[in-house]
Amino acid sequence: MYWCTDEVEPHDRFDYWREIRAKGLFGVTAELERDRRADFFGEFSLRQIGGAGFVELKASQYTVERSKSDIGYAPGDSICVYQQLGSGGWFGGMRSADFAIANGSFATSHTDLPYRTAPLGAGGFHLRILKIPMGRIPAQDKRMRELAPKTFNDHALAPLLAACFADLGEAAGDDGPADAASLVQALAHLALIERGIVRPGSRRGQAALRTARLAQARRLIERHLQDPDLAPTMVADLLGVSVRHLHMLFEAAEKSFSQTVTNERLKQSRRMMREAPERLIADIAASCGFESLATYYRVFNAAYGMAPGDFRALGSEGPEPPRRRL
């Protein structure tokens, strides 16, 4: 589902957003001064993925409240993990102290506890929310329903959470991760590790950390594709694990480390051929980290059954080449 206020007349936009987006879908009360409503803008997407609801929301400034009456009207009984992408946000109106959440930070809560929130900057809201029903979380504990909104204080978890959220964002694509359910479970259990409900060394804690570290390892590979010396040692050092542990992470995945590197370089080269049709193929191959043009041609043909030039000739609107197993 995707919706944007551009689909509604300006004078109706905030009222429609408040009743349909806020109250109807998320069970919250939205408020904005009447003289500012004509300039309101908002958009959101909602996908059901891995047994959870995955939301990305952008909107100009307004205030949100999840009151006891809102909870009674629309109980959620879910754990929410938030990724702040905008200029920052404020949470208050809870039993615990008010707090601010900065850009790039994470927070978590149970849906059925009251709170108030508003963006801190003029840019308004921009965040992702993963809403995981309690029935989808194997680790059941009564404390899970007592999780008032709170930021993650364990900075070591932040890159793991970011990698899992990035993978979820790509999960609907052809080249996205195959097992979205494992990403959802990892995010749920990382949140519960942060809140002291799941032990990092427990079976569920270790499984969550493995899934998240694999996601982060893939992100590190993407970030260093141009380096022809990209190797397990480099990624293991950046990830803070041994090379043996890194290979163990990829043993449970569909592709090995080397296959993942090759696949990501091929994806990047296809994207560059579409976006810069005038660029020399040799330049693209070098930019993607292939050690030679001959290697690039050999690997591309093995994967797709055609040369890079033939793929380029299909044009940006042409079909994807059939993928072979490397």
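## A look around Arg265 and other spots

Setting aside neighbours within four places in sequence, Arg265 is in contact (heavy atoms within 4.5 Å) with Leu225, Asp227, Pro228, Leu230, Cys288, Gly289 and Phe290. Before going on, note that this is a predicted model, where local features need pLDDT of at least 70, side-chain atom pairs count only at pLDDT 80 or more, and totals for chains, interfaces and linings use all residues. Residues are numbered from 1 along each chain as its sequence is written, and side-chain values use heavy atoms, with hydrogens and water left out.

Back to Arg265, which you'll find in helix α8 (residues 257-275). Helices here are DSSP runs of H or I with at least four residues, strands are runs of E with at least two, and both are numbered from the N terminus. Arg265 is buried but has no salt bridge, and the nearest side chain of opposite charge, Asp227, sits 6.3 Å away. Buried means under 20% relative accessible area, exposed means over 50%, and partly exposed is in between, using a 1.4 Å probe and protein chains only. A salt bridge needs a side-chain nitrogen of Lys or Arg within 4 Å of a carboxyl oxygen of Asp or Glu. For charge, Lys and Arg count as positive and Asp and Glu as negative, while His and the chain ends are not counted.

| Side chain | Backbone atom reached | Distance |
|---|---|---|
| Glu194 | nitrogen of Asn153 | 2.8 Å |

Glu194 belongs to helix α4 (residues 180-194). With a relative accessible area of 15%, Glu194 is buried. Not counting residues up to four places away in sequence, Glu194 touches Lys150, Thr151, Phe152, Asn153, Asp154 and Leu157.

Now for a loop residue. Leu85 sits between β6 (78-84) and β7 (89-92), and its relative accessibility of 25% makes it partly exposed. Leaving out residues up to four places away in sequence, Leu85 touches Glu56, Asn103, His126, Leu127 and Arg128.

Finally, the rings. The whole structure has 22 aromatic pairs. Rings of Phe, Tyr and Trp (its six-membered ring) pair if their centres lie within 6.5 Å; planes under 30 degrees apart are stacked, over 60 edge-to-face, and the rest tilted. Phe54 and Phe165 have ring centres 6.0 Å apart and planes at 40 degrees, so they are tilted. Phe54 lies in strand β4 (residues 52-59) and Phe165 in helix α3 (residues 158-170), so this pair ties together parts 111 residues apart in sequence. Both Phe54 and Phe165 are buried. Phe290 and Tyr296 form another tilted pair, because their centres are 4.8 Å apart and their planes at 50 degrees.

Key. A polar contact is a pair of N or O atoms within 3.5 Å; within protein, one must be able to donate a hydrogen and the other to accept it, and residues adjacent in sequence count only if both atoms are side-chain atoms.
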